[in-house]
Amino acid sequence: MQRSVLDRIYIAFLLILIVSFGFLIFFISYFTRRSLISEKQSTLSNEATLIATEAITYYMTGDISTIQLASYLNYYSGTLKADIWYVNNDGEIVATSGYFEEISVGTETDSTVVSKPGVGIIKTLPKSIYDLDENYDLTEKNFTTSDFYGIYSDKVISVNTPVVLSVQMDPTGANNPQNLNCGALIIHSTTEDINTMMKSIYSITFIPCLVIIVISFALLQIVSHKVLRPIKKLAEVAQDYSKGDFDVETGIKSSDEIGQLADSMEYMASELSKLEEYRHDFISNISHDFRSPLTSIRGYVTAIQDGTIPPEKQERYLGIVLDETNRLTKLTQGLLDLNRLEIYGPYLNLIDFDFIDIVKTTLNTFEIKCIDKKVAIYLNNHAEATIVTADKTKIQQVLYNLIDNALKFTPSNKNIYINIIEKGDKLHVSVKDEGIGMNEDTQKKIWTRFYKNDTSRGKDKGGTGLGLAITKQIIKAHNETIDVYSKEGEGSEFVFTLTKASADATHSGETQILINPNNTL
């Protein structure tokens, strides 16, 4: 079963929450437990010092017996809820807390106390601590959390506190006390209170986590309806578009990214709906462009063949036939070039050359046309450096196509301007005319093959409708840009970019009249 986007978001969100809260709970419990254990170790150490000051001092001075010491330890054991062992310097376990009884061995003054500790002990206590660990250090304060060499069934907190008493060693009674090592007190405390506290912490932590998860999923549900519902609508509309129904609207009018996507999809549908119109226009254009010269050729050849055209005029009409043949050849070659450009991209022979030289060379080919049409062409160069890196032949073709296009739609006694400026490492070249201009819809279509901004088909019989399409592909192959700016009745301006070379040209700050309709060049 395929999961929806919402299901995947829910699962991902749940996993993120679980992992995040898992790490949070782990770190809280870990450091809290460490803190509680450290606090308890400190408490037990302080209590051991207090016990040593009171009970062990009395025992070492002979004021209390071993049994009474065990009773003291038993009292403190009940208060601390812990087992307390007193171990002398020889490692002998002298007395422990818990239930005890006196067993007389030998004389009345020579007896042994057998202790029965009550904190989960599972083994009989040995007589010496060294029976558990021969390297046990009684002189250093240390803390452990373990079963203490298998004595206890569960882990206990064990605190070893050395007993150092200040005693009077001078028999004369002078005030000369000395510190005397008297073994150690070992206190074993269960972790039940810590475990109970940790359970409380877990419950306190888990409940907010569950509440946060529930609230988060509720908010996620609300957000998903606001975000995923439009996405689902876009998917449904896209399916309608794929079936050819381009009249369906998304109905999404928001100003966010989804709204922008909806607008783009509706615009795409609008353009796709025009494909049929483009197809009809394409067939109509190419049929017209091929039919017209073929009709002329057939008519003139037939007239020559049946003698309608006398021999003395046949050379003139054969010239017309040749011109129409060249026009067909040009049209066919343009189609092949454009198809090759779109599929494979042009082969570029990149060299450094002066763009001004290309402008002047190209304009020479339009001299007669400009004079006949009474159109002047001006060059305004505002660039310090006009040496560019590009394919010289193809850039000349671009410039030729743009000037030829401008000349077609510029009325008599008007001007064409070629402006060159530099911005950073780019030359911005514009070809601007004072012609009829274009509306926005036409500006989107001019890059389409066979498109001609002349519905009457009467003003531009020599054009193929491929020039601007080829121009676009050449500029694109150079990784440059080309744009058009136009308003109806105000002319059009085509602007393309070229990358400057490292060398500098000398044609800076020039304004020249390159072609004058009065033939005063």
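Which residues of α2 are buried?

Analyst: The model is a predicted one. In α2, the buried residues are T66, I67, L69, A70, L73, Y76, S77 and L80.

A similar description can be given for helix α9. This helix runs over residues 392-408, and its 17 residues should span 24 Å, which agrees with the 24 Å between its end C-alpha atoms. The buried residues of α9 include I395, V398, L399 and L402, together with N401, D404 and N405.

D404 forms a salt bridge with K369, with the closest N and O atoms 3.9 Å apart. Since D404 lies in α9 and K369 in helix α8 (residues 367-373), this pair ties together parts that are 35 residues apart in sequence. K369 itself is partly exposed, at 42% relative accessible area. D404 also meets K408 in a salt bridge, at 3.2 Å from N to O. Here both residues lie in α9, four residues apart, about one turn of the helix. K408 is partly exposed, with a relative accessible area of 33%.

The whole structure holds four salt bridges. One of the pairs is E422 with K500, whose side chains meet at 2.6 Å, N to O. This pair links distant parts of the chain, 78 residues apart: E422 is in strand β11 (residues 415-423), and K500 is in the loop between β14 (492-499) and β15 (510-515). E422 is partly exposed, with 24% relative accessible area. Through shared partners, salt bridges join K369, D404 and K408 into one network.

S158, in strand β6 (residues 156-168), is buried at 2% relative accessibility, and its side chain makes a polar contact of 2.8 Å with the side chain of H188. On the surface, V19, F23, F26, F27, Y30 and F31 form a nonpolar patch with about 630 Å² of accessible area together; F23 belongs to helix α1 (residues 5-60). The cysteines C182, at 2% relative accessibility, and C370, at 0%, count as buried, and a search of the whole structure finds zero disulfides.

Note on methods:
Residues are numbered from 1 along each chain as its sequence is written. This is a predicted model: local features need pLDDT of at least 70, side-chain atom pairs count only at pLDDT 80 or more; totals for chains, interfaces and linings use all residues. Side-chain values use heavy atoms; hydrogens and water are left out. A disulfide is a pair of cysteine sulfur atoms within 2.5 Å. Buried means under 20% relative accessible area, exposed over 50%, partly exposed in between (1.4 Å probe, protein chains only). Patches are made of residues with over 30% relative accessible area and no salt bridge: like charges are joined within 9 Å, nonpolar side chains (Val, Leu, Ile, Met, Phe, Trp, Tyr) within 5 Å. Accessible areas come from the Shrake-Rupley method with a 1.4 Å probe; for residues, only the protein chains shown count as cover. Helices (H or I, at least four residues) and strands (E, at least two) are DSSP runs, numbered from the N terminus. A polar contact is a pair of N or O atoms within 3.5 Å; within protein, one must be able to donate a hydrogen and the other to accept it, and residues adjacent in sequence count only if both atoms are side-chain atoms. The expected span of a helix is 1.5 Å times one less than its number of residues.
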